[in-house]
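Please open the structure in your viewer and keep the selection panel at hand.

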Amino acid sequence: MTADPKGVLTGEHYLDGDHAAAEGALAAGCRFFAGYPITPSTEVAERIAARFPRVGGVFVQMEDELGSMAAILGGAWAGAKSMTVTSGPGFSLMMENLGLGVMMEVPTVLVNVQRGGPSTGLPTLPGQADIMQARWGSHGDYEIIAVSPSSPQEAFDHTIMAFNFAEKYRVPTMVMMDECVGHMTEKVVIPEAEEIEIVPRKMYDGPKTEYLPYEPDEDMVPWMVRAGDGYRFHTTGLTHDEKGYPVMNSKCQEKCVHRLVDKIRSRIDEIVVLEEDGVEGADVVVVSYGITSRVTVPAVERARKDGINVGSLRLVTIWPFPENRIRELSRKIKTFIVPEINYGQLCYEVERCAAGNAETVLVPHGGGWVHDPGDIYDAIKKGAK
Amino acid sequence: MKREVAAPATEAHPMDELLRMDRIPHIWCPTCGLGTVVTAFASAVDKLEIPLDDLAVVSGIGCTGRVAGYIKVDSFHTTHGRAIPFATGLHLTNPKLKVVVISGDGDLISIGGNHFIHAARRNVDITVICVNNFIYAMTGGQVAPTTPLRANASTMPYGNFERPFNIPYLAESSGAVYVARWTALHVRRLTKAIAEALQKPGFSVVEVISPCSTLYSRRNRIGTGLDLMKFYHDNCEIKHGADTRELDIGFQEEITVGKFIDTERPTYVESMNTWYAEVFGDQYEPYEGSAK
Ligand code: SF4
């Protein structure tokens, strides 16, 4: 399926990442948005508020982020593609209903334009310290999908990608931007609607009396219906059986939660999107994501000029983590260098998968700005020795 | 030897169509008021002949939160306090759906209080049935934002000294267009109020004072659910159009019931459509829902 031309602003634009993400949502077919203002993500909401009345969508500024996340779940159940956007403190509040979205298997998108934390932290400056919160922020066990754009163009492209993941796997999907990407302005090319691939919702259309809302299909993802279509289904945040009815025992818990985890965990390689540059045969590989992957480029180039055999592995999807690829590389290389704007989050995933086969070196940054490429270069040089 | 047993008479129950009979027996205690609230809701829906396919019920968490699980329409058992914003998302995406929130006082007025006042302010076209049993029942009898002064709760073991909310006053001052209060005893009037609320465009609120026999009344030594029904019978005064500021409820004191507010105000979607038609003129297509 391709995009509905109504929401697609085909052409060349000069946009910042926040505006581009809004256009990505519109192109993906998002028509229900609920959000709450928070720096540095507000421009996403503002653009959607301006654009929705002309494309038949509804924008509502909610009273808080708890309500925003709950509202987009309701919107999705009524049949809309829905989205919200936030940053640090709001992201924390959204964790509650993110869990409900995971449990009810709601396709929806949450954009987090990351700023420095903890708490109110640095509202107007970048951070990449919500990476583990994206993975583990809501209570209980689950798997999640998250992408991490590094430019306004990618903010557009990856938001569409996030909507597609959300529909395919029926899981809330996150776009983990940061303030730098959100506020940098660059050229964004929006293609023709027919060139934009859209994953349609997996709708059930069988006999009404036979519909089981949580009966998994072969891909472990159940079929969805819309409220109002006459299926008269039930759904709950409680552990449930295939009918969607609560069942309070460990047998049902095992069946229900295991599938939520497995529908993603067993298909990691199908989900993962990586960009590799000179990784094969390298001694050192820099693993990066988001804005940091751009700061990595000059560091890698400089190291190569010095004759160091260094590759770059850029994570487009950060969750689920590309375990297999890191394991495979760890047997061939000496050192992973992991620069991130935090004091160590994704680097622990790299270290876990490297399992002692290769060394893992964190290049931390406390937030508020991006790395000095020189720091990454120094780490590469050391790692090559 | 096999004994022939006459098959039990299997007459359809009048509420079969609206209830998930495969989930009965329900979890509620004997003499709890919740069964009566569900019956009143079912009768109202039946009376209005609302097509069940067009109805959605959303609940939060708690004893009342379980209502969604027993009603055979599109039904959503959500998180604590978030039934109203969830319902807002359902309604705004498909305004043709009749969206009803059925939840408790703790869920709607404490943890969900912010959503309650803002949905009322926006006049989101949903109906809220707030079952008020004066206590957090499912968690074992803690003080609620509605617990009358002096009443005992497990987290107010010496009696409550926090002033409770007066729900009709809160609803009216936040912008609700229909506000009524009845008790689980007033089945006929409650049914009528729910029917009126369901027909009212905009944010409508029906508060139902309901006995919690297991926690509130036992802890306060005021008898069983049945005794509370007797209490409602002897101590409720019907005052339609009463000033909502005067509707506080004291411990085992008189309860004013009735229809207090029934007014007109454009709903959220109506306001949006009117305004955008003014701003954009013919270019604006009135919004009727985004899920086609
Ligand atoms: S605990 Fe109270 S409110 Fe809950 S089901 Fe029992 S009587 Fe009803």
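Begin with helix H4 of chain A, which gives the largest share of the lining of the second largest pocket, namely five residues. The model on display is a predicted one.

Next, display the strands E11, E13, E12, E15 and E16 of chain A, given here in their order across an open sheet with mixed pairing. Strand E11 (274-277) and strand E16 (359-364) of chain A each have a single partner strand, so one side of each is left without a neighbour in the sheet. From one strand to the next, the twist averages 20°.

Zoom in on E11(A) and on strand E13 (residues 310-315) of chain A: the two run antiparallel and are joined by four bridges. A:Glu276 can be selected here together with A:Leu313 of E13(A), which stands opposite.

**The ligand shell in chain B**

Which residues are found around the ligand? Select B:Trp28, B:Cys29, B:Cys32, B:Cys63, B:Asn133, B:Ala137, B:Cys212, B:Ser213, B:Thr214 and B:Leu215. The shell consists of seven nonpolar and three polar residues, with no charged ones.

**Cavities**

Two cavities of 30 Å³ or more are counted. For the largest, with about 90 Å³ of space, select B:Phe134, B:Tyr216, B:Phe231, B:Gln252 and B:Ile255, which lie nearest its centre among 14 lining residues. Helix H8 (residues 225-235) of chain B gives the most to this lining, with three residues. Ten residues of the lining of the largest cavity are nonpolar, three polar and one charged.

Finally, turn to the second largest cavity, with a volume of about 60 Å³. Its lining includes B:Asn132, B:Phe134, B:Arg181, B:Glu207 and B:Asp248. The lining of the second largest cavity divides into six nonpolar, three polar and three charged residues.

Terms used: Residues numbered from 1 in each chain as written. Chains lettered and ligands numbered in written order. Predicted model: local features only at pLDDT ≥ 70, side-chain atom pairs only at ≥ 80, totals over all residues. Heavy atoms only, no water. Pairing = 2+ DSSP bridges. Axes fitted to C-alpha atoms, helices over the stretch in contact; angles between N-to-C directions. Near = heavy atom within 4 Å. Nonpolar A, V, L, I, M, F, W, Y, C, P; charged D, E, K, R; others polar. 1 Å grid on protein atoms, 1.4 Å probe; cavity = no way out; pocket = protein on both sides within 12 Å on 5 of 7 lines; lining within 4 Å. Points joined across faces, edges and corners; volume = space filled by probe spheres on them.
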